[in-house]
Amino acid sequence: MKIIDLLNTGKITISMEVFPPKTSTAFDSVEKAVRGIAALHPTFVSCTYGAGGGTSEYTVKITKEVLDMGVPAMAHLTCISSDRDTIEQQIDRIREAGIENILALRGDIPQGFDVHAPHRFQHAIQLIHEIHALYPEACIGGACYPEKHPEAASKEEDILHIREKVDAGCNFLTTQMFFDNSIYYNYLYRLREAGVMVPVLAGIMPVTTRRQMERSIQLSGCIIPARFKAMVDMFGGNPGAMKQAGIIYATEQIVDLISNGIRHIHLYTMNKPEIAEAILRNISAITGIPAGSSD
Ligand code: FAD
């Protein structure tokens, strides 16, 4: 099932991101978590590629497992650290596994990396062109950044490149996490003004530990609202309270988004089925999506 068709039904969608194991020994526990998340029957599950140390070889395997559970799925693919042959092989593997959706990403630039080396893809748009050439039926997603990509010189320039990705055939966009919805509303307005009319999935990260908050800021550089910081200051030392508060904060963000007409929510699950389940349960009457069980 193509994600763009799921997004175009007019219904509210809740999709969920998982990540593959870092090592083969971690495969079983990650597989269990992913199966728990797929059992919740989100609109689709997306599986990262090499992000956070996850091993890229497992992305297709995990995505295929989700598909085999009857849940639409998307494989992420990054291009900056790979040569053309590796990218072609990955696209072939994705197509052969019956995966119809690919999130086309550049990936973060590794330290000391020569981005101008021959045969290298330098931006996601080149990967989008490559997917189009090798797998024209694929539905392609792209990443976008409500607070601007850290490397972009300006918000305007960043949006210009997003527009180029969409013109190149990116069917929908998923945002980086944000903790203040006004940042998303403002960004969506600017995207529409720039002629970017594809669905823009709102990326919500339930933060349920103090360490997760610190890591999220470090990785994304996103703004932490005072209300959010106060929550972590108050509950960060109490795991049970922090978990509950984090679920409530993410739930409130989603309720506000849906109240303001946003239909597509993407949950960064951090491979925690119980947290995804709690959020889904909190909003089941609002979304009309039954809260399944992750057990
Ligand atoms: P690009 O679209 O190439 O943009 C990167 C920068 O280059 C931006 O500043 C942009 O303004 C600029 N730019 C774009 N095109 C051009 C151009 N033609 N000329 C000049 N400048 C240009 N990382 C992983 O490693 N694995 C994952 O699975 C993963 N999943 C992600 C999922 C989501 C939803 C998001 C938001 C991010 C994800 N990332 C992942 C992180 C992502 O790889 C990094 O943020 C990376 O630094 C940028 O990737 P991109 O695809 O947005 O790059």
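Buried means under 20% relative accessible area, exposed means over 50%, and partly exposed lies in between, with a 1.4 Å probe and protein chains only. By that scale Met 270, at 33% relative accessibility, counts as partly exposed. The structure is a predicted model, in which local features need pLDDT of at least 70, side-chain atom pairs count only at pLDDT 80 or more, and totals for chains, interfaces and linings use all residues. Residues are numbered from 1 along each chain as its sequence is written, and side-chain values use heavy atoms, with hydrogens and water left out.

Stay with Met 270. Its place is in the loop between β8 and α11. Helices (H or I, at least four residues) and strands (E, at least two) are DSSP runs, numbered from the N terminus. Phi of Met 270 is near 50°, a positive value in a residue other than glycine. Asn 271 is found in the loop between β8 and α11 as well. Phi of Asn 271 is near 60°, again positive in a residue other than glycine. Asn 271 counts as buried, at 11% relative accessibility.

Next comes the segment after α12 (284-287), where Asp 295 has its place. Ile 289 lies in the segment after α12 too. Is Ile 289 buried or exposed? Ile 289 is buried, with a relative accessible area of 15%. Leaving out residues up to four places away in sequence, Ile 289 touches Ile 12, Ile 14 and Ser 284. Ile 99 is 190 residues from Ile 289 along the chain, and their C-alpha atoms are separated by 24 Å. Asp 295 is exposed, with a relative accessible area of 87%. Asp 295 and Ile 37 are 258 residues apart in sequence, yet 9.2 Å apart in space, C-alpha to C-alpha.

Step back to helix α8, residues 210-220. Its buried residues are Gln 212, Met 213, Ser 216 and Ser 220. They cover an arc of only 100° around the axis, which puts them on the same side of α8. The arc is that of the directions from the helix axis to the C-beta atoms. The face turned away from this buried side carries the exposed residues Arg 211 and Gln 218. The buried residues of α8 pack against α9. Just after α8, Gly 221 takes a positive phi of about 70°.

Helix α9 (residues 226-235) has a contact with helix α10 (residues 239-259). Their axes come within 9 Å and cross at roughly 165°. Axes are lines fitted to C-alpha atoms, for helices over the stretch in contact, and angles run from 0 to 180 degrees between N-to-C directions. α9 and α10 are therefore roughly antiparallel to each other. Angles over 145 degrees count as roughly antiparallel, under 35 as roughly parallel, 65 to 115 as roughly perpendicular, and the rest as oblique. α9 passes α10 in a right-handed crossing. A crossing is right-handed if the near helix is turned clockwise from the far one by less than a right angle, and left-handed if anticlockwise. On the α9 side the contact is made by Arg 227, Phe 228, Met 231, Val 232 and Phe 235. On the α10 side it is made by Ala 241, Met 242, Ala 245, Gly 246, Tyr 249 and Glu 252. By class, this contact has eight nonpolar, one polar and two charged residues. Ala, Val, Leu, Ile, Met, Phe, Trp, Tyr, Cys and Pro count as nonpolar, Asp, Glu, Lys and Arg as charged, and the others, Gly among them, as polar.

Now turn to helix α4 (residues 84-96) and helix α5 (residues 124-134). They pack at an angle of about 55°, with their axes 11 Å apart. α4 and α5 are therefore oblique to each other. Their crossing is right-handed. Arg 84, Ile 87, Glu 88, Ile 91 and Arg 95 of α4 meet Leu 127, Glu 130, Ile 131 and Leu 134 of α5. By class, the contact has five nonpolar, no polar and four charged residues.

The last stop is Thr 48, in the loop between β2 (45-47) and α3 (57-68). Thr 48 counts as buried, at 5% relative accessibility. Not counting residues up to four places away in sequence, Thr 48 touches Glu 17, Val 18, Phe 19, Pro 20, Thr 59 and His 76.

How values were computed
Contact = heavy atoms within 4.5 Å.
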